[in-house]
Amino acid sequence: MSETTEKTVEQIENPASYVELKGINKHFKDFHATKDANISISKGKLVALLGPSGSGKTTILRMIAGLEHPDSGEIWIDGKLVNNIPGSERGIGFVFQSYALFRYMNVYDNIAFGLRIKKVPEKDIKKRVTELLELISCEGLEKRYPSQLSGGQRQRVAFARALAPNPHILLLDEPFAAVDAKVRLELRTWLKEMITKLQITSIFVTHDQDEAIEVADEIIVTNQGRVEQIGTPQELYSNPASPFVATFIGNSIQVKNFDRFRFFEKPEEDVTAILRPEFVSVYKKGEKVQYSKSVEEAVVEDIIFRGSNLEIKVRLHDNLISSVRSINEPAIEIGETVDVFIFRLFVIFKDRIELFYNRSLNNETVII
Amino acid sequence: MKRKSIIPGFGLSFGITVTVLSIIVLIPLCSLVVFTSQLSFSEFIYTVTRPRILSGYYVSISTAFIASLVNVVMGLILAWVLVRYNFPGKKFLDGIIELPFALPTAVAGISLTHLTTTNGWVGKIFYDLFGIKIAYTRLGITIALIFIGIPFVVRSVQPVLEKIDLQYEEAAFILGADRRTTFWKVIFPEILPSLISGFTLAFARSIGEYGSVVFIAGNTPYETEIAPLLIMSELQEFDYAAATSIALVMLAIAFVILSVNAFIQSMVSKRVSGLA
Amino acid sequence: MDIRKDKGVLKWVLIVICFVFLSVFLLLPLVYIIATAFRAGIQGYIKAVTDEYALKATWLTIRATLWAVGINTFFGISAAWCLTKFAFKGKKLLSTFIDLPVTVSPIIAGLIYVLTFGRQGPLYGFLDSHGIQIIFAVPGIVLATIFVTFPFISRELIPVLTAQGTDEEEAAALMGARTFTIFRKVTFPHIKWALLYGIVLCTARAMGEFGAVSVLSGHLRGKTNTLPLYIELLYQGYDFTGAFAASSILVIMAVIILILRLVIEQKGKKEIDINR
C-alpha cells in the first residue's frame, strides 16, 4: 500500500487531524521553546493556543505558518507533510499581533496584496476586495491608510488581508492584544461570528484564559514549551490533566492542609489541593440550607464587589478562601462569622489529579 | 508667552540660547539682508546672469546632483549591507563611513586631486586605458562631491532600516511575495523618505562645498568653476556687492531644496501617523 | 529571522561592492596622504611637520577648535535644555535658526562675517575705534569656526532629551531641587554620551574647516593660517611633500576621532541597554 492511500485511510478514520503536529521540537539557541509537541486539530474548528508568556504558544503558531522551522518533528496540513513547503504555499492566512498592515498602502492595496502576488486579474481582485470590505463592514474605507483607521478597523482589515487569497487555515497571533479593553470584547464576538460563518479552521494565540474560554471551540494549553492539555473549555475546567492546567484555568487557590476541612481526608502522600470559588458556598448564620449539618464556621475577611456578584473571602484553617455570592442574597459584612461548605476540590498527586468530593454529599441522605 | 512648567531655568537657558544665536548667526545674517537691500535690483540681476556666473551655478548644481544620485545608490547598498548582513570587517566598514566628516575637506581635496591627475595612481589608469581625465574636469568635481556626500545617505537610511518591524516582511512572505517583491513593495516605501532626506542633505551640502572641490576642479572659467569659488574670487577683488548677489542665489537654491524635503517629510509623517 | 536571509551570491556581491567603493573613495586617499608625506623619508617628514609655520598653524587650529567646542558645548546644552524641557511660542523657529548654519555654504558663512565686521559693515567704526580687528584676524577665524559647527552639539542632545521626557525633572523640581542641581543630578547622566559624541563631531569639523576660515583669514603666514590653510599654501607653492606631511597630522586626528566615535557609540549603547 502506498503512503498516500494509507494517509487517506487514516484521514477517514481520524477526521480530527486537519492540522497535525507530531513530535515537534524547537530551540532558540539554548532555549527549548517547544518540547515534543503533539497537536491535532480538526477541520473547521476554532482553536486557542493558551499559555503564559514564554510558554511557546506563539512558536507553535509560527511553525504552522512556516515562519519558523522545527528542529525535529512533522507538520501535516490537510494530509500533506508541509515541513519543506514554504509558508506562502501552505494555504494559510496570518493575522499579526500588531497587524503589520503595510503603512504606505491604503486599505484596498493592503487587502489586494496577496492576490496581486498570485497574479489574479485586477477585475477579480476588485470583486474580492469589495466582497471582503463588505464582510468586515468597512465599505468606503478602501482609500484610507492604516494610520487613519481605528484599532478595531485595523484588526478587521488585517483579517480581510489574511482572508483575501482564500486560505484554508487562519492563524492569529494575539489578535486582541493591540486594542483597548472595550473594543476587545466587541472584536471577540465579531471574530467568533466571522469564523463560524466562514467555517475556516482557525488557530489563535492568547494568554488570556477568559478570551480562550469565550471564543474557542477547543483550547490547547501550553506551559514551558510543553503542550499540557488539549480539550474543550468544559473539559479543561472539569478534568484538568495536569497541576498547571488546574491552577491556570479558573481562579484558583492552593490548599495544603485540606484534611482539616470537614469531611475531607488527606491521603498518605504529601499532596496539595486546588480550590476554586465555585467549589465553595458561604451562608449567613441561620440561613436555611441543604447541607446545614456539614458546614463549618469561618470569619469573613474581605468582600469584593464584582459587578454582577460578590467575591467573599473567608479565613478557614489558615487559608484565605474565595467564594462567589449573588448580590440578591442577604448581605454579609466583613468580620461576620459565616457558615462555609466546600463541595469538592482537586487533589494533585505526582502522576494524576483527582477530584475529591465532600463526603457528606454521599452520606447526607444516609446520616439524616 | 505662557509658562506652565515647574521645571526651573527657562529664562536662563532661553536667554543664553537667544543671545549666542544672535551673535553668531542672526546678526551676521541680518547684515547680509541689510547689505542686500543696498544693492540695486538691476545690478543684482546683471551680476547673477553673467554667463560666467550662470555657468558656475550650472557646474555646481549638475555635479552635486549626479554625485548625490550616486550616493543614494551606494548609500542604500551600504546601509543594507551594514544592517542586514554579518561579515568580517563589518565594524571597520561602519567606522570609516564617517571619514568624510572627520577628514578636513582641504586634505581630502589635495589627496583626491593627486590621485586622479593623469600621473596619479588612479588617474593614470583611467587616462592610459580609456583616455579619461578625472582631475581638473567636472568628473573630478563629481568624484570629490561623492566623497563628501557618502555619510549623509547611509546615516539617514541605516536607522530606519534597522527599525523596520520583521512582521511586515513576514506578512508579505505569507501572502506569497518573493524577496524582490517584498523589497520593492514593502521595504522600499518604508525607507524612501529617509533616502530622499539623505539625498537632499548631500545635495545641499555638495552645492556649497568648497574645500574638497577647489583643488580638483582646476577652476577653468565656464568649465570647472563652481559657484562658491566665484564668490571667493569676487571677495578677493573686494567686490562685496557681486559676492553677495551670487551668495543670495545660492542661499535661495539651498532653501528651495530643503523646503522640498521638509514638505515631502511632512506629507510622509502625515500618512504614517494619521495626523491628517 | 531566516526569511530575511538573502541568497549567498547576492549578499557577497553587495558586500564586495561596498568594500571596493569605500576602499577607492575613502581609504585610497588616506593611504596616499601617508605615503606621500613620507616620500622624502622620515627626516624630511619630521622637518616638514616641525617647521615653524607648521607648528604655528597647528597651534592656531587647536585654539580655534577649543573655542568652538567650548562655546558650542555651552550653547548646545542650554539650547537643548530650553527646546526640550519647555513649551513656548516660536520654538520651531528657534530650532530652525539653530540648524541654519550647516545648510549655509562655508564660503557664504565667511562672507556674512566680512559683511558684518568688515570695512563696509555697520560695526566697523565702533570696533576700529577700540582697536578690535575681527576679519583677517584670529577672532574672525574663531567666529567662522563656531558658525560652521554651531548646531553640532545641540543636535546630538535634543533627540536624547526628547526621548527622556520631562518626568524626572518635574519630580526633582517638585522636591525643591534648583536648576543646576536638576541638571547635574538628573539630566546630565542621560546626555553624557550624546554630549561627548557631539563634542567629538564638533572637534572634527572645527579643526578641518577650510572655506569659511579661508575667507576670513587674510592668509597671513604664522598669524592667521590654520592648518588647512597652511596646507593650501604649501600645495599652491608646489611643496607637495610639505603639504602632505602637514595633512598627515590632520589624518591622524581624523582617525583618532573615528575611533573615539566608535568607542563612544558602543559605550553609550551599552548604557542605554542597561538602563532599559
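Q: How many helices and strands make up the secondary structure of chain B?
A: In this predicted model, the elements of chain B run from the N terminus as α-α-α-α-α-α-α-α-α-α-α-α-α. The C-alpha trace that carries them spans about 70 × 65 × 30 Å along its principal axes. The secondary structure of chain B comes to 13 helices and 0 strands.

Q: What percentage of the residues in chain B is buried?
A: A residue counts as buried if 20 or more other C-beta atoms lie within 10 Å of its own. Chain B has 276 residues, and the buried part of them is 47%.

Q: Among contacts in chain B between residues at least 6 apart in sequence, what percentage joins residues at least 24 apart?
A: Contact here refers to C-beta atoms that lie within 7 Å. Of the contacts in chain B at a sequence separation of at least 6, the part joining residues at least 24 apart is 76%.

Q: Which helix of chain B gives the most residues to the side that touches chain C?
A: The contact between these chains involves 74 residues of chain B and 77 residues of chain C. The greatest contribution on the side of chain B is 17 residues, and the element that supplies them is helix H1 (residues 10-38).

Q: How does the side of chain B that touches chain C divide into nonpolar, polar and charged residues?
A: This side belongs to a contact in which 74 residues of chain B meet 77 residues of chain C. Its division by class is 56 nonpolar, 12 polar and 6 charged residues.

Q: Are helix H12 of chain B and helix H5 of chain C roughly parallel or roughly antiparallel to each other?
A: Two packed helices are described by the angle between their axes and the distance between the axes. For H12 (residues 227-236) of chain B and H5 (residues 106-117) of chain C, the axes come within 9 Å and cross at roughly 30 degrees. Angles under 35 degrees count as roughly parallel. H12(B) and H5(C) are therefore roughly parallel.

Q: Is the crossing of H12(B) and H5(C) left-handed or right-handed?
A: The axes of the two helices cross at roughly 30 degrees. The hand of the crossing of H12(B) and H5(C) is left-handed.

Q: How many nonpolar, polar and charged residues form the contact of H12(B) with H5(C)?
A: From H12(B), the residues B:Pro228, B:Ile231, B:Met232 and B:Leu235 take part, and they meet C:Ile107, C:Ile108, C:Leu111 and C:Val114 in H5(C). By class, the residues of this contact are 8 nonpolar, no polar and no charged.

Q: Is B:Ala102 buried or exposed?
A: B:Ala102 lies in helix H5 (residues 99-102) of chain B. Beyond residues up to four places away in sequence, B:Ala102 touches C:Ala204, C:Ala254, C:Ile257 and C:Leu258. Because B:Ala102 has 26 C-beta neighbours inside 10 Å, its class is buried.

Q: Which helix of chain B supplies the largest share of the side that touches chain A?
A: The contact takes 19 residues from chain B and 20 residues from chain A. On the side of chain B, helix H9 (166-174), helix H10 (179-208) and helix H13 (240-273) each supply at least two residues. By class, that side has 10 nonpolar, 5 polar and 4 charged residues. Its largest share is 6 residues, and they come from H9(B).

Q: How many helices and strands does chain A have?
A: The C-alpha atoms of chain A fill a box of roughly 80 × 55 × 40 Å along the principal axes. Buried residues account for 39% of its 368 residues. The secondary structure of chain A comes to 10 helices and 19 strands.

Q: How many residues of each domain of chain A form the contact between domain 1 and domain 2?
A: The domain assignment places domain 1 of chain A at 3-248 and domain 2 at 253-367. Their C-alpha centres lie 40 Å apart. The contact joins 4 residues of domain 1 with 4 residues of domain 2.

Q: What distance, C-alpha to C-alpha, lies between A:Thr272 and A:Lys350?
A: A:Thr272 lies in strand E12 (residues 272-275) of chain A, and with 17 C-beta neighbours inside 10 Å it counts as partly exposed. Not counting residues up to four places away in sequence, A:Thr272 touches A:Gln254, A:Val255, A:Lys256 and A:Ile348. A:Thr272 and A:Lys350 are 78 residues apart in sequence, and their C-alpha separation in space is 10.0 Å.

Conventions
Residues are numbered from 1 along each chain as its sequence is written. Chains are lettered from A and ligands numbered from 1 in the order in which they are written. This is a predicted model: local features need pLDDT of at least 70, side-chain atom pairs count only at pLDDT 80 or more; totals for chains, interfaces and linings use all residues. Axes are lines fitted to C-alpha atoms, for helices over the stretch in contact, and angles run from 0 to 180 degrees between N-to-C directions. Helices (H or I, at least four residues) and strands (E, at least two) are DSSP runs, numbered from the N terminus. Angles under 35 degrees count as roughly parallel, over 145 as roughly antiparallel, 65 to 115 as roughly perpendicular and the rest as oblique. A crossing is left-handed if the near helix is turned anticlockwise from the far one by less than a right angle, and right-handed if clockwise. Two residues are in contact if their C-beta atoms, placed from the backbone, lie within 7 Å. Ala, Val, Leu, Ile, Met, Phe, Trp, Tyr, Cys and Pro count as nonpolar, Asp, Glu, Lys and Arg as charged, and the others, Gly among them, as polar. A residue is buried if 20 or more other C-beta atoms lie within 10 Å of its own, exposed if 12 or fewer, and partly exposed in between; C-beta atoms are placed from the backbone. Domain bounds come from an automatic or database domain assignment.
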